[in-house]
Amino acid sequence: MAVIDAVSAQRPDAPLDIASIRRDFPILAEEVNGHPLVYLDNAATSQKPRQVIQALVDYYEHYNSNVHRSAHALAVRASERYERTRTLLASFINAPSPDEIVFTANTTEAMNVVVNSWGGTHLQPGDEIVLTQMEHHSNLVPWQVLAEAKGAHLRFVPLSPTYKFDVAAFTQLLNPRVKVVSVPHVSNVLGTITPVAEVARLAHQAGAIVVVDGAQSTPHMPVDLQALGCDFFALSSHKMLGPTGVGALWGRRELLEEMPPFLTGSSMIDEVQWTRSTWAPVPKKFEPGTPNIADVVALGAAIEYLDALGMERVRAHEVALTGYALKTLRERHPELDLYGPSDLTARGGVVSFNLKGGAVHPHDVAQLLDEQGIAVRAGHHCARPLHGVLHTAASVRASFYVYNTLEEVDALAQGLEVVKRVFRRVLERPQEGGA
Amino acid sequence: MTALGGPSTSTTSTMNSMSTQNPLYHDIILEHYEYPRNKGMCSGADATSRGANAMCGDDLRVSLRLDDDAAALEEVCWDGHACAIGEASASMMTEAVTGRPKEEARRWVRTVRGFVTGREDEVAPDLELGDLEALEGIRQYPVRIKCALLAWEALDEALGLAERKRAAEKSG
């Protein structure tokens, strides 16, 4: 059992002691290109506290065994720890029951389970699937494939002029043919927080189910599935201080029970005969083969770590960081195109931008920042159609997490000074045609 | 004449020393990025080919026109958007191969491929890299190889398309 000593040193009624948290993350002591690492790519993946790393090591050193299959001591212990994470996660996101939590490889696989298993048996030709312009490819491409196969149509909720989810436009899209609405809880490019509770209320009135891509929300803010009122919710371990290779799908029990399995094989069965088999109950029905036991166990440690920090406080810290980042970047670099809502209550800690309409290519910005030890991401961030809406091919993205500091935001701002110096002459020229 | 335009087309930097210290963002790269050569579409192009790197949003088009004998590249142009490395390389590419025989253009492609990936044996000894020397820094940044070669690969493809087009016209 991992001892969360640094975390327990957090005073319960005070803001988080970030310096103390940082000491839990070995990688934050790394140097990159002769500079201290300034890791601002958390939307891509999060770093891991030693408590999570140790949980992984402990598992392999002391009780590695296949789950649910044997009566020996190691197997019993491994199974207990595996199922314990399911319970921890259910509690963490306020799911009605751990039985409604399915472990997958990642959010993408979770989406594929919903699309293929639910979508495959519920969509008819002419049905409509409502998504948003903000979609990450993993909440877009599977629906495209399904729509093509079923003769269904995709509709997209546009962004408002302030980069928010346009509720009015959404209501216009609702009609009896809409069977499913799928949205990102938090956009991985814009940081926009979708008003899921309201979306769910409206969608249910119209007779549609609601699927939520929770990859960018679960790590960063309290998630209460019962308050959200959605029907499916997907998330990734590696974005929430946990290891890679694990994700989860929460689904309403009645939906999961009537859905056919997605992948079949061992473990998800009940009785197997030569020519037919019956399925295990939910959630096992959706967990074929040997699961990613070690990483599920380590995810449990990540959930405990976040729980001890308190997600309200994690959110408060990121709001402060994001607010400081927007203010600092606007003041020091007025030539930046900053994407996403200014309203801090409506956005998460993701700040994407371009330098003067792409006069300096995001790849070059990111490269020069990297030379100063600053890790950001350049590209379309798995949201290419969204970038079309932003009238650009690519952007630079800085994304925060609980271990980032205001000083690191300053480092980013300073780093951009260097970029502007290198590209001074290009930036001084009058804009021609933009990005 | 194989030299790339000579001293008047690139700045030997005494100012902006910040960038000459930078292994990737050499002044020559920045100069070609700021003042790209042969940008646009070739008139009467025999072929156009696209080089794109969807992940970073690089999208270039290389167009070219062969001479009357279809033996040399009369005009080579590039258009589109890419990072500084991609655009500078495209600009330098057009200078290197414009007016040159097809076979030499192909040797240029192999040479530049070899040069940026550190495969010296692929670099033709008789071709003077000139401004293209500025791409040497790419060897330390393998992630940027694709950017540096985007226009060159498109050139290679366009050359093949142009040859086939002209051969079809001749026989048809």
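Helices H2(B) and H3(B) are roughly perpendicular to each other (65 to 115 degrees). This is a predicted model, where local features need pLDDT of at least 70 and side-chain atom pairs count only at pLDDT 80 or more, while totals for chains, interfaces and linings use all residues. Residues are numbered from 1 along each chain as its sequence is written, and chains are lettered from A and ligands numbered from 1 in the order in which they are written.

**Two crossing helices in chain B**

Let's stay with that pair. H2 covers residues 27-34 of chain B and H3 covers residues 84-97 of chain B, and the two pack at about 80° with 8 Å between their axes. Helices here are DSSP runs (H or I, at least four residues), and strands are too (E, at least two). H2(B) brings B:Ile29, B:Leu30, B:His32 and B:Tyr33 to the contact (C-beta atoms within 7 Å), and H3(B) brings B:Ala84, B:Ile85, B:Glu87, B:Ala88, B:Ser91 and B:Met92. By type, those residues are seven nonpolar, two polar and one charged. Nonpolar means Ala, Val, Leu, Ile, Met, Phe, Trp, Tyr, Cys or Pro, charged means Asp, Glu, Lys or Arg, and the others, Gly among them, are polar.

Zooming out, chain B has five helices and three strands, and from the N terminus they run α-α-β-β-β-α-α-α. Chain B has 172 residues, and 45% of them count as buried (20 or more other C-beta atoms within 10 Å). Among contacts in chain B with a separation of 6 or more, 62% link residues 24 or more positions apart.

Now look at B:Tyr35, which sits in the loop between H2 and strand S1 (47-53) of chain B. B:Tyr35 counts as partly exposed because it has 15 C-beta neighbours inside 10 Å; exposed would take 12 or fewer. B:Leu132 is 97 residues away from B:Tyr35 along the chain, and their C-alpha atoms are 15 Å apart.

**A covered strand in chain A**

Over in chain A, strand S14 (residues 350-355) is mostly covered, with six of its six residues buried. A:Val350, A:Ser352 and A:Asn354 point one way, while A:Val351, A:Phe353 and A:Leu355 point the other way. S14(A) pairs with two strands (pairing takes at least two bridges):

| Pair | Bridges | Direction | Residues facing each other |
|---|---|---|---|
| S13(A), residues 336-338, with S14(A) | three bridges | antiparallel | A:Leu338 and A:Phe353 |
| S14(A) with S17(A), residues 395-399 | four bridges | antiparallel | A:Val350 and A:Ser399 |

H11(A) runs over residues 293-309 and has 17 residues. From first C-alpha to last, H11(A) reaches 25 Å, close to the 24 Å expected at 1.5 Å a residue (1.5 Å times one less than the number of residues). Is H11(A) mostly covered or mostly uncovered? Mostly covered: 14 of its 17 residues are buried.

**Where the chains touch**

How many residues does each chain give to the contact between them? Chain A gives 17 residues and chain B gives 18 residues. On the chain A side, helix H13 (362-370), strand S16 (377-379), helix H15 (406-422) and helix H16 (424-428) each supply at least two residues. H13(A) has the largest share of that side, with four residues. The chain A side splits into eight nonpolar, five polar and four charged residues.

Key. Axes fitted to C-alpha atoms, helices over the stretch in contact; angles between N-to-C directions. Parallel < 35°, antiparallel > 145°, perpendicular 65-115°, else oblique. Contact = placed C-beta atoms within 7 Å.
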